[in-house]
Amino acid sequence: MSLTVRAPAKINLHLGVGALGADGYHPLATLYQAVGLYDDVTVEEQLEWSVHLRGDGRIDLGEVPSGDDNIALRAGRALAAHHGLDRAAKVEIRKGIPVAGGMAGGSADAAATLVALDRLWDLQTPDDDLLRLAAGLGSDVPFALVGGTALGSGHGELVTPVADHGSWWWVVVEDDAGLATPGVYRAFDELHAGRDVPTPEIPSALYDALADGDVEQLARLLRNDLQEPALRLRPDLATTFDDALAAGAHAALLSGSGPSVLLLCADRDQAEGVEAELAERGHRRTSVVPAPVAGAHVVEYV
């Protein structure tokens, strides 16, 4: 018997980053949104833990850990340990989310594995316990469980759903070379050395834009404090931003720590038009995606 769970990519409509703390982490204030780009995780009980990777030609699977350090395997082991179980599973991951692209594909895999094994083994783990297990695996994993649009606080792991009445469309522009998140945070620290970094918070107007479904207001309020340090590491990405705005997008935003770039559009027709214009400018790895979408959910049970 096997079970498949689908989990979405995340974007950050607002990513406010505070100063590096004594605990080695940066406090964050972020508004997450789940978008229609997915990884599928299929689990099947086995005598030993194993992970198997699949993906289409645009995904570089060589960048995904294939051993015990894979986050999906760590999620499975954590769930089994939580219930005191001596059980194992084969975990097959079909990648559709860019690897090292700032869209939390690994976190999606971990969330999907938690849900898949919980259902496969009929553990009936309480939601609060799943969220705690998810937070122990990574800051973005709890949101991959919740989906939709949500406030992320702490280090991003404390997730609170937010009213979102919009029907949003994005063009995701992927990049051939990934950006390592620790390196982007180091560049952030270097950029702000000797400066006072304010405590991050979400502007109230951003909540209003989501509640009203106002694309023009949302476009004005998008923010990512990691965008400037990422562009210092990858100045070539500035061309993607220029091309996006020339193609008619309402706004362009770096996704998380990058290097994927997000283009906000008014509707699907505009998004497809922007994608076509970008193709003419040489950007071939693009996707048109809706938002918000559901968090990790079962799609197949065989």
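**View 1. The side chains of K10 and N12 are joined by a polar contact of 2.4 Å.** A polar contact is a pair of N or O atoms within 3.5 Å; within protein, one must be able to donate a hydrogen and the other to accept it, and residues adjacent in sequence count only if both atoms are side-chain atoms. The model is predicted: local features need pLDDT of at least 70, side-chain atom pairs count only at pLDDT 80 or more, and totals for chains, interfaces and linings use all residues. Residues are numbered from 1 along each chain as its sequence is written, and side-chain values use heavy atoms, with hydrogens and water left out. K10 belongs to strand β1, residues 2-17. Helices (H or I, at least four residues) and strands (E, at least two) are DSSP runs, numbered from the N terminus. The relative accessible area of K10 is 6%, so K10 is buried. Buried means under 20% relative accessible area, exposed over 50%, and partly exposed in between (1.4 Å probe, protein chains only). Not counting residues up to four places away in sequence, K10 touches Y32, Q33, G102, M103, A104, D140, F143, S255 and G256. Contact means heavy atoms within 4.5 Å.

**View 2. K10 and D140 carry the UniProt annotation "active site", taken from an unreviewed entry.** The two residues are spread over 131 residues of sequence but cluster in space, with a largest C-alpha distance of 8.3 Å. Both K10 and D140 are included in the lining of the largest pocket. UniProt positions are given in the numbering used here, feature names are shortened, and annotations may be inferred rather than shown by experiment. On a 1 Å grid over the protein atoms alone, a cavity is a set of points where a 1.4 Å probe fits but cannot get out, and a pocket is an open set with protein on both sides within 12 Å along at least five of seven lines; lining residues have an atom within 4 Å of a point. D140 sits in the loop between α3 (127-137) and α4 (141-146). D140 is partly exposed because its relative accessible area is 22%. Leaving aside neighbours within four places in sequence, D140 is in contact with K10, Y32, A104 and S107.

**View 3. The UniProt annotation "binding site" (unreviewed entry) covers P98, V99, A100, G101, G102, M103, A104, G105, G106, S107 and A108.** Of these residues, the lining of the largest pocket includes P98, V99, A100, G101, G102, M103, A104, G105, G106 and S107. A100 lies in the loop between β4 (88-95) and α2 (105-120), and G101 is also found in the loop between β4 and α2. A100 has a relative accessible area of 40% and is therefore partly exposed. G101, at 5%, is buried. Apart from neighbours within four places in sequence, A100 contacts G178, L179, G258 and P259. With residues up to four places away in sequence not counted, G101 touches S255, G258, P259 and S260.

**View 4. S257 makes a side-chain polar contact of 2.9 Å with T181.** S257 is in the loop between β9 (251-254) and β10 (261-265). Its relative accessible area is 7%, so S257 is buried. The residues that S257 touches, not counting those up to four places away in sequence, are G102, L179, T181, V184, L226 and A230.

**View 5. The side chain of D39 has polar atoms 2.7 Å from the backbone nitrogen of G96 and 2.9 Å from the backbone nitrogen of I97.** D39 is placed in strand β2, residues 28-46. D39 is buried, with a relative accessible area of 0%. Beyond its neighbours within four places in sequence, D39 is in contact with residues including V5, R6, A7, I93, G105 and D109.

**View 6. Helix α1 (residues 71-82) and α2 have axes that come within 8 Å and cross at roughly 35°.** Axes are lines fitted to C-alpha atoms, for helices over the stretch in contact, and angles run from 0 to 180 degrees between N-to-C directions. The contact is made by I71, A72, A75, G76 and L79 of α1 and by G106, D109, A110, T113, L114, L117 and D118 of α2.
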